[in-house]
Amino acid sequence: MIDQAVKRCDTQFEENLSLSKIFGCLNQREEPTAKISASFQKTNAEYKETHLEPRKPTALLLGTSNINGIRPEKLSQYVDVTKVTAYTLDETRSKIETFEARPDVVLIHAFTKDVKTHTPEECIKKLKVITNVISSKWSNTKTLVSLTTPRMDEEIHRVNSEILDGLIKRKYLTSARNEVMISENTNLWQSDNHILKPDRYHLSDQGTSMLAANLKNKLHSSLGIKLPQRNPTRPKIQPQRRKVSQNYNFYGRNSYMGNGGNRGGRGYYQIY
């Protein structure tokens with residue numbers, strides 16, 4: 001009986017010893033695999049950081065119907081632009097308050113209707129409220145204000161627009177904090193009436209293109225993006241034309257040039 005018990009103990013011990021060796025080998029195999037996996041994950045993360053394209057900056061464009069013709073994807077290939085229509089300054093503030101994503105830049109073009117219903121002083125107060133909302137909601141977001149576009153439908157609206165532009169410049173161009181940047185539209189005011197529709201305050205296609213160019217340039221400069229310079233076009237070489245003097249006579253179409261001249265040419269100079 002004792003001998004059998006000893007044999008069973010020896011057998012059990014050998015089995016346990018064998019199992020421990022097996023598990024030891026497995027652990028030794030798993031350890032290098034874990035190290036390789038961790039090394040691969042680290043290398044993959046480093047590759048993504050160094051090789052993937054950086055995140056595009058974003059912009060929120062809010063404006064009246066004058067921005068309807070502006071296509072966000074055409075405004076910039078370097079910035080993801082979201083366009084939101086807001087007809088008044090009050091509506092602009094409401095749209096900003098409910099907008100969820102944080103943009104890098106907020107562009108505002110929203111004075112066309114307010115200069116008709118509010119004084120320039122009231123408009124500047126409303127603009128101040130909007131800039132405060134932006135700075136409190138998104139501390140690192142830049143604010144870009146587009147000045148008025150021409151209103152030639154009534155003299156008082158034109159005057160209010162010019163006064164408002166002056167108030168905005170005086171308030172923000174002289175500010176040391178640089179809290180608001182300004183996009184000028186002087187080129188629109190200096191253009192003829194072709195930039196306006198027949199109602200004389202909505203922008204035509206040409207006017208919309210000029211406004212978009214102004215916004216595009218200021219948007220990129222505010223983000224430090226340098227636009228590629230276009231190759232200068234070669235000046236067209238004008239063909240030298242012989243001046244008509246008293247010694248020349250011009251014959252038009254279907255004319256002869258001297259004896260045996262060809263009929264139907266563009267016209268020829270003939271010396272007397």
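These legends accompany several close-up views of a sheet in a predicted model.

**View 1. Five strands make up an open sheet.** Follow the strands across the sheet and you will meet them in the order E2-E1-E3-E4-E5, with parallel pairing. Strand E2 (80–85) and strand E5 (180–183) stand at the edges, and each has a single partner strand, so one side of each is left without a neighbour in the sheet. On average, neighbouring strands of this sheet are turned by 20° against each other, if direction is ignored. As a reminder, strands of a sheet pair through backbone hydrogen bonds, either parallel or antiparallel.

**View 2. Strand E1 is mostly covered.** This strand spans residues 58–63, and five of its six residues are buried. To count as buried here, a residue must have under 20% relative accessible area.

**View 3. Strand E1 meets strand E2.** Six bridges link E1 and E2, which pair in the parallel sense. To find one of these contacts, look for leucine 62: its bridge partner in E2 is valine 84.

**View 4. Strand E1 also joins strand E3.** Here the partner strand, E3, covers residues 105–109, and five bridges connect E1 to E3. The two strands run parallel. A handy place to start is alanine 59, which stands opposite valine 105 in E3.

Key: Residues are numbered from 1 along each chain as its sequence is written. This is a predicted model: local features need pLDDT of at least 70, side-chain atom pairs count only at pLDDT 80 or more; totals for chains, interfaces and linings use all residues. Side-chain values use heavy atoms; hydrogens and water are left out. Two strands pair if DSSP finds at least two bridges between them. Helices (H or I, at least four residues) and strands (E, at least two) are DSSP runs, numbered from the N terminus. Axes are lines fitted to C-alpha atoms, for helices over the stretch in contact, and angles run from 0 to 180 degrees between N-to-C directions. Buried means under 20% relative accessible area, exposed over 50%, partly exposed in between (1.4 Å probe, protein chains only).
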